[in-house]
Amino acid sequence: MTQQPIIRFDNVSKRYNDDTTVLSNISFEMERGKFYTLLGPSGCGKTTILRLIAGFIEPSSGEIQFNGKKINEVPPNERQVNTVFQDYALFPHLNVFENVAFGLRIKKIKQAEVKRRVEEALRFVNLQGYENREISEMSGGQRQRVAIARAIVNDPEIILLDEPLSALDLKLRTEMQYELRELQQRLGKTFIFVTHDQEEALAMSDEIFVMNAGEIVQSGTPIDIYDEPINRFVADFIGESNIVDGVMIRDHLVRFAGKEFECVDAGLDTNEKIEVVIRPEDLEITSPERGKLIVTVDTQLFRGVHYELSTYDRDGNEWLVHSTRKAQVGDEIGLDFDPEAIHVMRLNESEEDFDRRLESYEVPDHAE
Amino acid sequence: MGKQSNAQKLFLALVFIILYAPIFFLIFYSFNSNGTMSSFESFTWEHYAAVFDDTRLIMIVLNTVIVALLSALISTAIGVLGALAIVYLKNRKLRNTLLSLNNVLIVSPDVIIGASFLILFTAVGVRLGFASVLISHIAFSVPIVVLMVLPKLLEMSDSLIDAARDLGASGRDVLTRVIIPYIKPGIFAGFFLALTYSLDDFAVTFFVTGNGFSTLSVEIYSMARAGISLTINALSGLIFIVTIGLVLVYYALNRRNRTPVTGVKK
């Protein structure tokens, strides 16, 4: 990679009052013009990273670089970064135009240019004609757009979004996901998006940083993270998953649920204890004779696009199945799946080791 | 609101009659040519003429207004800064202590404030008069302003300040472009409350005023002690009318401020 990263965290930690650690030794890089998502449960430190980049707080240790320059102590008003806040933080005493114009007014830009740029920004978020509205007259979705316009009008290098969709209803939220993604591609700016909603993260991001307890657990494209979760936490947090304990017999052969199965994972120790993930949509309903697993249907829910079946095998492991085919509660059915559907997770594997191991056997696999 | 029963209406009417009766009684007799408040003889303006002829009384009214305006202005400035300091204090313990000290000053009796100021001024050697009255009025108005401004400041979300900083605002910009406009209603409320407290203060002023300087409330008190004079009634009538005028202006201003928000309907 020849391009300089726009943001670089080098062993950054953040502690409050010297005892509560919010971030511990975080290191990562972000490239210009991509859509990044920081994903994790509440309290995992994702908003702290955002506030560190915005400059509202300073790291306790480590270094934050912006375009290769250390910015640890640069105050927020001197950073080329703008934020869309969770509660939008629009100024109630100013109308829509003046809210968007706020940053330009601070920079003492001439009225004609302010007008041109504010109108352009409002057009970008489909709010032309709303210039003279008061904030109190705008709906939640409209306020959201004003907040985005107020950030992009300043032409920042990075736009930070702090769970901006969490206050919207489901339909509007889905719409805004498309719009945000499109906006980011049109502007070509770096977006850093914070959310606890895995669907948002999967739908919009170029790259996702999955966080837990002040650490980045895994980073990668949505597909990588969904298909190859590094551990139980990520597998559980992103999408639904069936996770069972197992043993790696040798390369490409794994034992779980009392049987041996062919798989694509390799590079593990012989007889190593592992965990196996199979996504519910990778399990196919078939007759008990033809199934690799034989399970009993416990409950069945209609989810619209598919049925969600909760089933149990003879060892008592629960298997969640997503299928367009219906089954009968109480029936014994067979479950079939491909060797590729089995994903093996090592216990306590670091992200570097995980990536190295994946590369060692996955590259030829992809090249086929 | 639901419908009120007749009993409720009667009760409300009674309360207002009892509250306003003494004032109207007083104003009624200000037009009495008899010179007493026992029997109404005939209508006259002479007591009102007497008020305007009395240049000393006019001077006292002016003094009262000047002290009220000045003390309200200065205490608003100090009170706003004080409220800002209290809200943005990092030390929670110190903040609560300051807040409690502020509230103690509001509930403590005027007599005690007045007496302690008298002792202070004589000890330090401040001559009693305009300055001593002004200083003491500022002193009892500051806590009121703090109390009016504080809720507005507390209600303001921290993210507004973050947003302003994020958009490039310096500390000064944040104060003048975000915080002050946001708490403006609180500032105005504090100013007007300080103004009225100063205008009608008797107890504190009574202690700290000196020879040659007096305010309306103290003057009316001494006039009343000297014996019944319908000039007092006329003066009270005038003050009452001015007060009603101020209330109307206040409502008009309030309504004008609110129109942009409800203005969508037109």
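I began with the interface and noted that about 1900 Å² is buried between chain A and chain B, with carbon and sulfur atoms giving 60% of that area. This is a predicted model, and I read every value below with that in mind. Looking up the contacts, I found 26 residues of chain A in contact with 20 residues of chain B. I then searched for salt bridges across the interface of the two chains and found one; A:Arg51 forms a salt bridge with B:Asp162, and their closest N and O atoms are 3.1 Å apart.

Next I turned to the strands of chain A. Four of them form an open sheet in the order 2-1-4-5, with antiparallel pairing. Strand 2 (20-30) and strand 5 (69-70) of chain A each have a single partner strand and stand at the edges, so one side of each is left without a neighbour in the sheet.

Strand 6 of chain A runs parallel to strand 7 (residues 158-162) of chain A, to which four bridges join it, and A:Asn82 has A:Ile159 as its bridge partner in strand 7.

Last, I checked helix 8 (residues 171-199) of chain B, which spans only 36 Å between its end C-alpha atoms, whereas a straight helix of 29 residues would span 42 Å. I found a bend of about 55° at B:Lys184 in this helix, with a proline, B:Pro185, following within four residues.

Methods
Residues are numbered from 1 along each chain as its sequence is written. Chains are lettered from A and ligands numbered from 1 in the order in which they are written. This is a predicted model: local features need pLDDT of at least 70, side-chain atom pairs count only at pLDDT 80 or more; totals for chains, interfaces and linings use all residues. Side-chain values use heavy atoms; hydrogens and water are left out. Helices (H or I, at least four residues) and strands (E, at least two) are DSSP runs, numbered from the N terminus. The expected span of a helix is 1.5 Å times one less than its number of residues. The bend at a residue is the angle between axes fitted to the seven residues ending there and the seven starting there. Two strands pair if DSSP finds at least two bridges between them. Contact means heavy atoms within 4.5 Å. Buried area is the accessible area (1.4 Å probe) that two parts lose on being put together, summed over both. A salt bridge is a side-chain nitrogen of Lys or Arg within 4 Å of a carboxyl oxygen of Asp or Glu.
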